[in-house]
Amino acid sequence: MVWVPELVSNEELSSKQTSTQSQGEQMQYVITAENLTKTYGDVIAVDGISFSVPAGEAFGLLGPNGAGKSTTMKMIGGVSQRTSGSLSIMGLDPESHGPEVRAHLGVVPQQDNLDEELKVRDNLLVYGRYFGLPMSYLRPKADELLEFAQLTDKAKSKVDALSGGMKRRLTIARSLINEPRILLLDEPTTGLDPQARHILWDRLFRLKEQGVTLILTTHYMDEAEQLCDRLIVVDKGRIMAEGSPASLIREYSTREVLELRFGSERNATIGAELEGIGERLETLPDRVLIYAHDGEAALEQVSARGLRPLTSLVRRSSLEDVFLRLTGRSLVD
Amino acid sequence: MSTLTEGHSVTEAARNRRFGPMYSRNVKAVIARGLMATKSSNWMVMLSGFFEPVLYLISMGVGLGAIVGAVEGPGGQEISYAAYIAPALLAVSAMNGAIYDSTWNVFFKMNFAKLYQGMLYTSLGPLDVAMGEIFLALLRGLLYATGFTAVMGLMGLITTPWAILMIPASVLIAFGFASFGMGITSFMKTFQQMDWINFVMLPMFLFSATFYPLSVYPQYIQWFIQAMPLWHGVELLRQISVRTFSPATAIHIGYYLVMIVLGVLLTAGRLRKLFLK
């Protein structure tokens, strides 16, 4: 089988990568998708997307609900069959080699699906058994992962008794039991409080430092900015933009944004009088946004025109501005 | 972190795989999980499943049997009413245990605990999961059958050492119901639909020649009952209990073998459709 030569250790992978990079040749991709398409009846969930992820990268899939992010993740895991296009995970097609591909994947699904009938540590052991791993490996590994997830003192607790953040950390710990090369995280921090999110980000960052490739979907733009080296913005199953968070902001937004509030009734009428200030103007029901390289300078221009906003705020452009520009402001249901 | 090396059992197993992405020769992991889960819960449910047929045997066999007296057994010999219905109740208990495990338990794990979704994101294939779950249902069936046969022995209802064969035969019956039950459960989406299963099971229990011979029915109803799986189980165990075999014995066994094959294929196919779509 073709599988054997593909099995190189992490160190080998990264050394290959550095050597090829230093020679300026192409990188080693762990995921390559070309024209990936998935339809459910008449509904096109994923509409011919192509992307490649090099080993060790943190790669984000951003998009509104129903954009096709989770479907893409499922196809990568080989638990959803694609309609057309090609997909290669570490040189293998997940559809025909599902178990082999998944042996090197860690999966953190959108909703925790921990085994509620088992205790915390047993969740890790049993999950490891699903990969066919021996107990001699799993026992110390489970303890190591409990430590990593800061759950050591909960080892004998029931899953029920854990808080939302603990469950999430346990799910991540569980996904690492087989020492995956690729970790799929589907909205890993949705529903968590800020403390829990920051702990999770820290853990994910450490994994990245160890060379694990992270594939992550999220609704939180700050999360994407924090974690992702590179990301794609997906809408209606298509890729709208691709790049690093900083380059996307450069390309699709300005350096700064000036937010002005004139009161709900007046925003629309005053919006017309602001034409020409900054590079782009957006009038929303509750405020007016002026995209400009220098926000303070734009504010001075506004004052010079004799307009007195109720409140004004100058801030750095964020990924959220890019996201809303690319995917629109209307609700997607 | 240490790194998994080449030639690890994961890939070893994968290399020897048959049935493509459906199966990864790791049924034992699913079984181990089931045993571990049973250890921490489910004890009461398991006990009630054992006592139900025993209570029936005492009330109907001893109580009702006092009025009925002796009846005609499979070979034409006279046996007590309790000895007549005991093998039938054993078949019912094998059926109930298997159906409970493969329907309600599976329904819950599929739709609420999302257990199978988690399993199928590992190296396991749908066939590993289906076979593991069915095996667990059989293990329960085996425990029930052994316990019930012991009760029969204690009540003096066993007259031949051949009766010990009722235990493996019960497992065969359980296998048929478990494999089919799991496949059917995969179609169920709501609790209302799950109630349909009881709607089929209860009449089957009452009318499959469990408490009286088939000959009380008109011919066309007899045919209908004979098409149902439980009747074959009842007849098979009844024949074994008095060591009276006939060509029909082979038909009863064959019925279950076909049921098992169809049930496993149905279940694996459904799991694939549900989780690898």
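Predicted model: local features only at pLDDT ≥ 70, side-chain atom pairs only at ≥ 80, totals over all residues.
**A right-handed helix crossing in chain A**

The crossing of H5(A) and H7(A) is right-handed. By class, five nonpolar residues, one polar and one charged make up the contact of H5(A) with H7(A). On the H5(A) side sit Val120(A), Asn123(A), Leu124(A) and Tyr127(A), and these meet Leu170(A), Ala173(A) and Arg174(A) of H7(A). Helix H5 covers residues 120–130 of chain A and helix H7 covers residues 164–175, with the two axes 9 Å apart and an angle of about 25 degrees between them. Since angles under 35 degrees count as roughly parallel, H5(A) and H7(A) are therefore roughly parallel to each other.

Stepping back to the whole chain, chain A has 13 helices and 13 strands. Its C-alpha trace spans about 75 × 45 × 45 Å along the principal axes. Of the 333 residues in chain A, 44% are buried. Among contacts in chain A with a separation of 6 or more, 68% come from residues 24 or more positions apart.

Leu92(A) lies between strand S4 (84–89) and helix H4 (98–102) of chain A, in the loop that links them. Leu92(A) has 19 other C-beta atoms within 10 Å and is partly exposed, because a residue counts as buried with 20 or more such neighbours and as exposed with 12 or fewer. As for Asp186(A), 94 residues from Leu92(A) along the chain, the C-alpha atoms of the two are separated by 22 Å.

Definitions and conventions. Residues numbered from 1 in each chain as written. Chains lettered and ligands numbered in written order. Helix = DSSP H or I, 4+ residues; strand = E, 2+ residues; numbered from the N terminus. Contact = placed C-beta atoms within 7 Å. Axes fitted to C-alpha atoms, helices over the stretch in contact; angles between N-to-C directions. Parallel < 35°, antiparallel > 145°, perpendicular 65-115°, else oblique. Left-handed = near helix turned anticlockwise from the far one by under 90°. Nonpolar A, V, L, I, M, F, W, Y, C, P; charged D, E, K, R; others polar.
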